[in-house]
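Please keep the sequence and the model open while reading.

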Amino acid sequence: MAFTHLHVHTDYSLLDGACKVESLVKDVAKLGMKAVAITDHGNMFGAIEFYKASKKAGIKPIIGMESYIAPQSRHDRKNATRSKEASYHLPLLAYSTKGYYNLVKLSSLAYTEGFYYRPRIDKEILEKYKEGLIGLSGCLAGEICQNILHNKFDQALTVAQYYSNLFGPENFYIEIQHNGLDIQEIANEGLIKLARQLNLPLVGTNDVHYLTKADNVSHDCLLCLQTGRKRNETNRFKFPSDQFYLKSEDEMKKEFSHV
């Protein structure tokens, strides 16, 4: 089975993703991959461009969105339990036309009803518009990872079981990554343990934000524009490694050979 990147940010993840859609699809084809997903932050802006470019290149397009999910209600503007955005990351992938329509609905409601620093959904509307969707547990900013990193393994189990029940165990995956961060390896250990305990499938992703390792410099410039800072400032938001690129199948298989 060929590897497929399922967690990818294009330049429609504004001032955060540095992958232009057409370039992304071309590079996926060059790597010999047959499919790719896009999961932009909280929006579906790139879906049509991505679909057309993928079809033209003979690549299977998997349309998704990395949603921001409020810890309580999407209407709550005060309960910032994790960060100032008061949200966790939850990648969603459409596997049917109904799933695509539901992603569009969730994205729209995130802006019109849930916006607080970011376009947010909540579990109430996710339960209503879950049909046709696959869920991934997310990056370090996901609710399951956050509980693991705060030594709340039982709570992580509860959250994972909730999503497994919501999407169905065949449609919810525990997401592990290998991005050069020590904290990610700590999270992975807990995630693998959790997946085995609940008999949930694992999926390896790379949280792609740029196409090649060298592009991490350009991506860092985007982050500076986003935060109003300069690259030579030391105390600023930046990605702590240069590993968030479109890795080859061989690279990904090597990094996850232990599972």
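Helices (H or I, at least four residues) and strands (E, at least two) are DSSP runs, numbered from the N terminus. With that naming, H7 is followed by asparagine 199, whose phi is positive, near 55°. The model is predicted, so that local features need pLDDT of at least 70 and side-chain atom pairs count only at pLDDT 80 or more, while totals for chains, interfaces and linings use all residues. Residues are numbered from 1 along each chain as its sequence is written, and side-chain values use heavy atoms, with hydrogens and water left out.

**Nonpolar cores**

- A nonpolar core is a set of buried Ala, Val, Leu, Ile, Met, Phe, Trp, Tyr and Cys residues joined through side-chain atoms within 4.5 Å, where buried means under 20% relative accessible area, exposed over 50% and partly exposed in between (1.4 Å probe, protein chains only).
- The largest such core has 63 residues, and those with the most contacts inside it are Leu92, Leu106, Leu126, Ile144, Tyr163 and Ile174.
- Helix H6 (residues 153–167) gives the most to this core, contributing eight residues.
- A second, separate core of eight residues includes Ala35, Ala37, Leu93 and Leu136.
- Leucine 92 is in contact (heavy atoms within 4.5 Å) with residues including Gly64, Met65, Leu103, Leu106, Leu126 and Phe167, when residues up to four places away in sequence are not counted.

**Helix H7**

- Helix H7 (residues 182–198) has 17 residues and reaches 25 Å from its first C-alpha to its last, close to the 24 Å expected at 1.5 Å a residue, the expected span being 1.5 Å times one less than the number of residues.
- The buried residues of H7 are Gln184, Ala187, Asn188, Gly190, Leu191, Ile192, Leu194 and Ala195, and what covers them includes H5, H6, E6 and E7.

**Pocket and cavity**

- On a 1 Å grid over the protein atoms alone, a cavity is a set of points where a 1.4 Å probe fits but cannot get out, and a pocket is an open set with protein on both sides within 12 Å along at least five of seven lines; lining residues have an atom within 4 Å of a point.
- The second largest pocket holds about 710 Å³ of space, and among the 25 residues that line it, Phe3, Thr4, Leu6, Val203 and Gly204 are the closest to its centre.
- Strand E3 (88–94), strand E5 (133–136), strand E6 (172–177), E7 and helix H9 (249–255) each supply at least two residues of the lining of the second largest pocket.
- One cavity of 30 Å³ or more is counted, and the largest cavity has a volume of about 50 Å³, a volume being the space filled by probe spheres set on grid points that are joined across faces, edges and corners.
- The lining of the largest cavity includes Ile69, Tyr88, His89, Leu90, Glu143 and Phe172, and E3 gives the most to it, with three residues.

**Positive phi angles**

- Leucine 15, in the segment before helix H1 (21–30), has a positive phi of about 55° although it is not a glycine, and this residue is partly exposed, with a relative accessible area of 36%.
- Aspartate 207, in the loop between strand E7 (202–205) and helix H8 (216–227), has a positive phi of about 45° although it is not a glycine, and this residue is buried, with a relative accessible area of 7%.
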